[in-house]
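Try each task before you read its solution.

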Amino acid sequence: MEAKFTITRWDETTVDDTEPKIGRVAVDKRYSGPMEGTSTAELTTCQPGETQAGYVGTERFTGVLDGRTGSFVFQHGGIVGSAGADRFGHVVPGSGTGELAGIGGTVRMSHELIELDYRLD
């Protein structure tokens, strides 16, 4: 399943000034499509250069997924370097609520797009 999102808040701070800097970002998103709702995320970032970067994050989605109402948490990340990009993520087991209780699966995030391969137990 693929859904689109827009970022509605991006609040970035620097953890320390040692190079390369590590940042912390509070992010809010609005999802549309088969995943309709909002989320709040906390990201940790590092960008050593123009073409190198990495992040890890924890995000809580609340809304409707394929007609089912509830919430769940997923953790995701990505690395970008000279060899290209590697994105990864998973739904946190046991984090689903409401009609999304028992959700599990994998997540891949890219610019304004989520790919969610999920199952409901």
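**Exercise 1. Which residues make a nonpolar surface patch of about 260 Å²?**

Solution. The patch is made by V56, I79 and F88. To qualify for a patch, a residue needs over 30% relative accessible area and no salt bridge; like charges are joined within 9 Å, and nonpolar side chains (Val, Leu, Ile, Met, Phe, Trp, Tyr) within 5 Å. Areas come from the Shrake-Rupley method with a 1.4 Å probe, and for residues only the protein chains shown count as cover.

(Strands are DSSP runs of E, at least two residues, numbered from the N terminus.) V56 counts as partly exposed because its relative accessibility is 45%; the scale is buried under 20%, exposed over 50% and partly exposed in between, with a 1.4 Å probe and protein chains only.

Before you go on, some housekeeping: this is a predicted model, where local features need pLDDT of at least 70 and side-chain atom pairs count only at pLDDT 80 or more, while totals for chains, interfaces and linings use all residues. Residues are numbered from 1 along each chain as its sequence is written, and side-chain values use heavy atoms, with hydrogens and water left out.

**Exercise 2. Work out how the rings of F5, Y31 and F61 pair up.**

Solution. Start with the rule: rings of Phe, Tyr and Trp (its six-membered ring) pair if their centres lie within 6.5 Å, with planes under 30 degrees apart called stacked, over 60 edge-to-face and the rest tilted. The count by this rule is four aromatic pairs.

- Step one: F5 and Y31 are 5.5 Å apart centre to centre with 50° between the planes, a tilted pair. F5 sits in strand β1 (residues 2–16) and Y31 in strand β2 (residues 22–32), so this pair ties together parts 26 residues apart in sequence.
- Step two: check burial. F5 is buried at 7% relative accessible area, and Y31 is buried at 0%.
- Step three: Y31 and F61 also have ring centres 5.5 Å apart, but their planes are at 90°, so that pair is edge-to-face. With Y31 in strand β2 and F61 in strand β4, the pair ties together parts 30 residues apart in sequence. F61 is buried too, at 0%.
- Step four: zoom out. One aromatic cluster is formed by F5, Y31, F61, F72 and F74.

**Exercise 3. Which residues have the most contacts inside the largest nonpolar core?**

Solution. A nonpolar core is a set of buried Ala, Val, Leu, Ile, Met, Phe, Trp, Tyr and Cys residues joined through side-chain atoms within 4.5 Å. The largest one has 15 residues, and Y31, M35, F72, F74 and I114 have the most contacts inside it. Now look at who contributes: β1, β4, β5 (68–81), β8 (103–110) and β9 (113–120) each give two or more residues. The largest share, three residues, comes from β8.

**Exercise 4. Track down the three salt bridges in the whole structure.**

Solution. You're looking for a side-chain nitrogen of Lys or Arg within 4 Å of a carboxyl oxygen of Asp or Glu.

- D28 and R9 meet at 2.9 Å, N to O. D28 is in strand β2 and R9 in strand β1, so the bridge ties together parts 19 residues apart in sequence. R9 is partly exposed at 33%.
- E59 and K29 meet at 3.1 Å, N to O. E59 is in strand β4 and K29 in strand β2, so this bridge ties together parts 30 residues apart in sequence. E59 is buried at 0%, and K29 is buried at 7%.
- D121 bridges to R119, with the closest N and O atoms 3.9 Å apart. D121 is exposed at 75%, whereas R119 is partly exposed at 48%.

**Exercise 5. Where do D66 and E112, with their positive phi values, lie?**

Solution. Most residues other than glycine have a negative phi, and most peptide bonds are trans. D66 has phi near 50° and is in the loop between β4 and β5. E112 has phi near 60° and lies in the loop between β8 and β9. Finish with the backbone bond from E19 to P20: this one is cis, with omega near -10°, and P20 is in the loop between β1 and β2.

Technical notes:
Helices (H or I, at least four residues) and strands (E, at least two) are DSSP runs, numbered from the N terminus.
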